Amino acid sequence: MNDSPDNTTIDLRSDTVTLPTEAMYERIRSAPLGDDGLDGDPTAQELERFTASLLGKAAGLYTPSATMANLLAILAQVPRQDTILLGAASHIYTAERGAATFTGAFYQPLPDADGALDLHALAAALASTKGNLKPALVCVETSHNNEGGAVASLAHMQAVHRAAHAAGVNVHLDGARLFNAALALGRPAADLCAQADTVSVCLSKGLSAPMGAVLVGPEETIRRARLLRKLIGASQRQVGIAAAAGLEALDSMIGRLAEDHDNARLLGQDLAAIPGLRIRQPQTNIVQVDVSGTGMDASQWEAAMRQRRVLVRPWGPSLLRCVTHRHITAEAVRGAVAAFAAVAA
C-alpha cells in the first residue's frame with residue numbers, strides 16, 4: 001500500500017496532509033479491538049497509558065481531534081461563568097472559542113507575541129476582580145501556530161506555571177505540535193508538560209497518524225473528561241483501528257521531525273533571497289511568507305502557486321503559511337522555491 005501522495009504536487013498547506021506509513025497499516029491490521037463505549041478498546045487504552053507515561057502524566061484520554069481534547073480540558077477544569085486566560089493569537093482563542101456555547105466560560109485574550117504570554121498582562125489578569133469574573137484556567141500553546149511555529153522558552157513556561165498556581169489556577173497546554181516544540185528547545189516533551197496540569201497532543205500532524213489526539217493529566221481530571229467525552233457524543237466503539245496508528249506514530253515518527261525543521265529552515269533561507277518576499281525564519285516546521293511587497297495578495301499568490309502544482313495556504317490578506325512534513329523532501333523544497341521565484345518574477 002502506497003504511503004506517499006502524488007509526487008507531482010508539492011503540498012505545503014499543512015502537516016495534516018501526511019498519510020499513514022506502511023508500519024501504521026500493519027499495526028492497524030493486528031490491533032486488538034473492543035468497544036470503547038462499553039468496557040473499553042484495548043488498543044485505545046494502550047495508547048492512553050503510553051502517551052500519559054511519555055508526557056509524565058497520570059492518565060490519558062484518546063479523542064478524535066486536538067480541538068476536542070482542548071474542549072474537554074476546559075469543560076473538566078473550568079466552572080461555568082469563570083474565565084479562561086489565553087493568548088490573543090492562540091488557536092483556542094482564534095479558532096476554538098465558539099466552544100463557549102458548551103463551556104459557558106469567558107475567554108480573555110492576552111498579548112502573546114512570538115508565542116509567549118505577556119507575563120505582566122497575565123499577572124494583572126490573575127489578580128483582577130473586574131466584573132466578578134474569576135480566572136479558572138490559563139491556556140498556553142507550543143509550538144504556536146499563528147506565530148509561525150514559534151516556541152516559548154522553558155523558563156517562560158515555568159514562569160507562567162508559577163504565576164498561575166500562585167493564584168490557584170490550573171494551566172492547560174495546547175500541544176498540537178508539542179514534539180516540534182520539544183525538539184526546538186532540545187528538551188524531552190515531558191519537561192514542557194511539567195509546566196501544565198493538562199496537555200493535549202495531536203497525532204495527525206507531523207506524526208502522520210490519520211486522526212486523533214490524546215489529552216493527558218491527573219486521574220480525576222481525565223475521569224471527568226472521559227465522562228464529558230461521552231456526553232458530547234464521542235464514544236468511538238472499535239477505535240483501536242485509529243489508535244493503533246497513533247501508537248506507531250509515537251513509536252517511530254517523533255525522531256524524524258528534525259528533517260522537517262531542517263527543510264523549513266532551507267525553505268525560509270531560500271525564499272528570503274527572492275525580491276519582494278519577507279520571511280519569518282522558522283523555529284520549527286512552519287514558514288510564514290509576507291507577500292505584501294510583491295503587488296499581489298495572498299489569494300492571488302495561492303492561485304498562481306497552485307498553477308505550478310505547489311499548494312500553499314493564505315494566512316491573512318498578505319501572508320502565506322508553508323508547513324514542511326515527511327512528504328516534503330529537500331528536492332520538494334527546491335521545487336517550491338523555484339515556483340515562488342517564477343511567480344515573483
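Visitor: By class, how many nonpolar residues has the lining of the second largest cavity?

Guide: Happy to look, bearing in mind that this is a predicted model. Leu178, Phe179 and Leu207 are among the residues lining the second largest cavity, along with Arg177 and Lys205. Its lining has 2 polar and 2 charged residues, and the nonpolar ones number 6.

Visitor: How much space lies in the largest cavity?

Guide: Searching the whole structure turns up 2 cavities of 30 Å³ or more. Of the 19 residues lining the largest one, Gly115, Leu117, Cys139, Val140 and Glu141 are the closest to its centre. Strand S5 (135-141), helix H7 (154-166) and strand S6 (170-175) each give two or more residues to that lining. The space in this largest cavity is about 160 Å³.

Visitor: On to the sheet: which residue in S10 is the bridge partner of Ile279?

Guide: The open sheet has 4 strands in the order S9-S10-S13-S12, with antiparallel pairing. S9 (278-280) is one of its edge strands. S9 and S10 (residues 286-290) pair over 3 bridges, and the S10 partner of Ile279 is Val289.

Visitor: Which helix packs on the sheet?

Guide: The helix in question touches S9, S10 and strand S13 (319-323). Its direction makes about 15° with that of S10. Spanning residues 257-272, this is helix H12.

How values were computed:
Residues are numbered from 1 along each chain as its sequence is written. This is a predicted model: local features need pLDDT of at least 70, side-chain atom pairs count only at pLDDT 80 or more; totals for chains, interfaces and linings use all residues. Side-chain values use heavy atoms; hydrogens and water are left out. Two strands pair if DSSP finds at least two bridges between them. Contact means heavy atoms within 4.5 Å. Axes are lines fitted to C-alpha atoms, for helices over the stretch in contact, and angles run from 0 to 180 degrees between N-to-C directions. On a 1 Å grid over the protein atoms alone, a cavity is a set of points where a 1.4 Å probe fits but cannot get out, and a pocket is an open set with protein on both sides within 12 Å along at least five of seven lines; lining residues have an atom within 4 Å of a point. Grid points are joined across faces, edges and corners, and a volume is the space filled by probe spheres set on the points. Ala, Val, Leu, Ile, Met, Phe, Trp, Tyr, Cys and Pro count as nonpolar, Asp, Glu, Lys and Arg as charged, and the others, Gly among them, as polar.
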